[in-house]
Amino acid sequence: MTASVIEATSFPDLAQRYRVTGVPKTVVDDRVEIMGALPESEFVAQILQAGP
Amino acid sequence: MYPPGAANDLQQRLAALSSPVRLIFFTQTFGCDTCLPARQAADRIAALSGMISVEEHNLVLDRERVAEYGVEWAPALAVVGERDAGMRYYGIPDGYEIESLVDAIEIAGGGGPSLGDDSLDALDALERDVHLRVFVTPT
């Protein structure tokens with residue numbers, strides 16, 4: 001697993017491409033979107049939702 | 001800049017690094033207004049610990065390094081310890097968002113925050129590579 005933090009104000013085009021309307025927003029494999037800061041167990045569950 | 005009073009706290013956290021961490025910075029010469037302030041922010045963080053070094057590459061010219069670290073845009077920081085765990089920071093690490101970078105440095109340096117056992121077991125079962133893009137703003 002790899003992770004990139006993207007500071008959205010430096011990359012307005014990326015923020016638009018990934019439809020960032022609030023932060024934090026996490027995009028898993030460019031497919032699953034996780035809005036906000038979730039409890040760890042819920043965050044992991046969302047990651048797993050992207051596929052086995 | 002750092003939030004008020006943060007430099008001492010950051011210095012204490014970074015003093016606990018048990019192994020060297022490289023901040024591998026990617027810049028580009030044209031069309032990158034944020035590259036210089038991002039490099040300056042990396043230098044300020046590196047100045048807080050003798051275990052942290054900064055090296056710079058050009059996103060356009062150093063294609064070999066770009067491919068090696070899988071960097072997509074500039075400014076970028078690859079946070080690399082004894083091994084490269086795939087942690088990248090794009091943009092200017094500033095304000096309270098400096099926390100994200102310091103967490104990554106602590107992890108690369110042999111410590112830092114970790115997940116619970118249940119989470120680690122669940123993620124260990126993944127059979128494919130997963131990439132997270134986490135969008136933040138400098139609050």
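At what angle do helix 2 of chain A and helix 5 of chain B pack, and how far apart are their axes? In this predicted model, helix 2 (residues 40-49) of chain A and helix 5 of chain B meet at an angle of about 5°, and their axes lie 10 Å apart. Because angles under 35 degrees count as roughly parallel, helix 2 of chain A and helix 5 of chain B are described as roughly parallel to each other. Helix 2 of chain A contributes E40(A), S41(A), V44(A) and L48(A) to this contact, while helix 5 of chain B contributes D118(B), S119(B), A122(B) and L123(B). By class, the residues of this helix contact comprise four nonpolar, two polar and two charged.

The contact between the two chains as a whole takes 29 residues from chain A and 30 residues from chain B. On the side of chain B that touches chain A, two or more residues are given by each of strand 4 (87-90), helix 5 (117-124) and strand 5 (131-136) of chain B. Strand 5 of chain B supplies the largest share of that side, six residues. The side of chain B that touches chain A has 15 nonpolar, eight polar and seven charged residues.

Strand 5 of chain B also takes part in pairing between the chains. Strands of a sheet pair through backbone hydrogen bonds, in either the parallel or the antiparallel sense. Strand 2 (residues 25-28) of chain A pairs with strand 5 of chain B in the antiparallel sense, over four bridges. V28(A) has L132(B), in strand 5 of chain B, as its bridge partner.

These strands belong to an open sheet of eight strands with mixed pairing, in the order 3(A)-2(A)-5(B)-1(A)-4(B)-3(B)-1(B)-2(B). Strand 3 (32-35) of chain A and strand 2 (52-58) of chain B stand at the edges; each has a single partner strand, so one side of each is left without a neighbour in the sheet. From one strand to the next, the twist averages 20°. Strand 1 (residues 21-27) of chain B pairs with strand 2 of chain B in the parallel sense over seven bridges. Within strand 2 of chain B, V54(B) stands opposite L23(B). Helix 2 (residues 35-46) of chain B packs on the sheet, where it touches strand 1, strand 2 and strand 3 (76-80) of chain B, and its direction makes about 160° with that of strand 2 of chain B. Helix 4 (residues 98-108) of chain B lies across strand 1 (2-7) of chain A and across strand 1, strand 2, strand 3, strand 4 and strand 5 of chain B, running at about 155° to strand 4 of chain B.

The largest nonpolar core has 40 residues, and those with the most contacts inside it are L23(B), L77(B), V79(B) and I105(B). At least two residues of this core come from each of strand 1 of chain A and helix 1 (6-15), strand 1, helix 2, strand 3, strand 4, helix 4 and strand 5 of chain B. Helix 4 of chain B gives the most, with six residues. Not counting residues up to four places away in sequence, I105(B) touches L14(B), V21(B), I52(B) and V79(B).

E127(B) is located in the loop between helix 5 and strand 5 of chain B. E127(B) counts as exposed because it has 6 C-beta neighbours inside 10 Å. The C-alpha atom of E127(B) is separated by 38 Å from that of Q11(B), and the two residues are 116 residues apart along the chain.

Notes:
Residues are numbered from 1 along each chain as its sequence is written. Chains are lettered from A and ligands numbered from 1 in the order in which they are written. This is a predicted model: local features need pLDDT of at least 70, side-chain atom pairs count only at pLDDT 80 or more; totals for chains, interfaces and linings use all residues. Two residues are in contact if their C-beta atoms, placed from the backbone, lie within 7 Å. Ala, Val, Leu, Ile, Met, Phe, Trp, Tyr, Cys and Pro count as nonpolar, Asp, Glu, Lys and Arg as charged, and the others, Gly among them, as polar. Two strands pair if DSSP finds at least two bridges between them. A residue is buried if 20 or more other C-beta atoms lie within 10 Å of its own, exposed if 12 or fewer, and partly exposed in between; C-beta atoms are placed from the backbone. Axes are lines fitted to C-alpha atoms, for helices over the stretch in contact, and angles run from 0 to 180 degrees between N-to-C directions. Angles under 35 degrees count as roughly parallel, over 145 as roughly antiparallel, 65 to 115 as roughly perpendicular and the rest as oblique. A nonpolar core is a set of buried Ala, Val, Leu, Ile, Met, Phe, Trp, Tyr and Cys residues joined through C-beta atoms within 7 Å.
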